[in-house]
Amino acid sequence: MITGRQIRAARALLNWTQERLAEKALVALTALKRLESERGLGVHEGTTDQVRRALEAAGILFIESGQGRGVMFLHETSGSETRQAKVRRVRSPT
């Protein structure tokens with residue numbers, strides 16, 4: 001599950017306002033504010049999924065390891081490699 005801190009960090013990487021993310025994710029601004037809250041205010045699971053999908057579509061990768069959680073911005077390359085292939089490579093290094 002992604003955290004409010006990860007969502008705020010992802011927005012910062014994309015230079016998006018809360019309003020822009022709410023629009024892209026098709027969620028209410030108040031729901032996004034609750035999701036990003038440090039107080040752990042509850043939101044519907046579907047809201048979290050829509051926000052996650054909107055950020056991932058913009059190139060954000062959510063990371064979780066034994067050392068903590070974070071986000072990464074995947075830059076598009078000029079080659080023929082797709083974003084999905086890059087995500088698989090990042091998640092499963094060989």
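At what angle do helix 2 and helix 3 pack, and how far apart are their axes? I shall begin with that pair, then take two further helix contacts, and close with a pocket. Please bear in mind that this is a predicted model.

Helix 2, residues 18-25, packs against helix 3 at an angle of about 110°, and the two axes lie 9 Å apart. Angles of 65 to 115 degrees count as roughly perpendicular, so helix 2 is roughly perpendicular to helix 3. The crossing of helix 2 past helix 3 is right-handed. On the helix 2 side, the residues involved are Gln18, Glu19, Leu21 and Ala22, and they meet Leu29, Leu32, Lys33 and Glu36 of helix 3. Sorted by class, this contact comprises four nonpolar residues, one polar residue and three charged residues.

Let me turn to the packing of helix 1 on helix 3. Here the angle is about 115°, with the axes 7 Å apart. Helix 1 contributes Gly4, Ile7, Arg8 and Arg11, while helix 3 contributes Leu32, Leu35 and Glu36. The contact of helix 1 with helix 3 divides into three nonpolar, one polar and three charged residues.

Leu21, Lys24 and Ala25 of helix 2 meet Gln50, Val51, Ala54 and Leu55 of helix 4. By class, there are five nonpolar residues, one polar and one charged in this contact.

Finally, the pocket. Which residues lie nearest the centre of the largest pocket? They are Met1, Gly4, Leu35, Gly40 and Leu41, out of a lining of 17 residues. Helix 1 (4-14), helix 3 (29-36) and helix 4 (45-57) are the elements that each give two or more residues to that lining. The volume of the largest pocket is about 210 Å³. Its lining consists of five nonpolar, six polar and six charged residues.

Conventions. Residues are numbered from 1 along each chain as its sequence is written. This is a predicted model: local features need pLDDT of at least 70, side-chain atom pairs count only at pLDDT 80 or more; totals for chains, interfaces and linings use all residues. Side-chain values use heavy atoms; hydrogens and water are left out. On a 1 Å grid over the protein atoms alone, a cavity is a set of points where a 1.4 Å probe fits but cannot get out, and a pocket is an open set with protein on both sides within 12 Å along at least five of seven lines; lining residues have an atom within 4 Å of a point. Grid points are joined across faces, edges and corners, and a volume is the space filled by probe spheres set on the points. Helices (H or I, at least four residues) and strands (E, at least two) are DSSP runs, numbered from the N terminus. Ala, Val, Leu, Ile, Met, Phe, Trp, Tyr, Cys and Pro count as nonpolar, Asp, Glu, Lys and Arg as charged, and the others, Gly among them, as polar. Axes are lines fitted to C-alpha atoms, for helices over the stretch in contact, and angles run from 0 to 180 degrees between N-to-C directions. Angles under 35 degrees count as roughly parallel, over 145 as roughly antiparallel, 65 to 115 as roughly perpendicular and the rest as oblique. A crossing is left-handed if the near helix is turned anticlockwise from the far one by less than a right angle, and right-handed if clockwise. Contact means heavy atoms within 4.5 Å.
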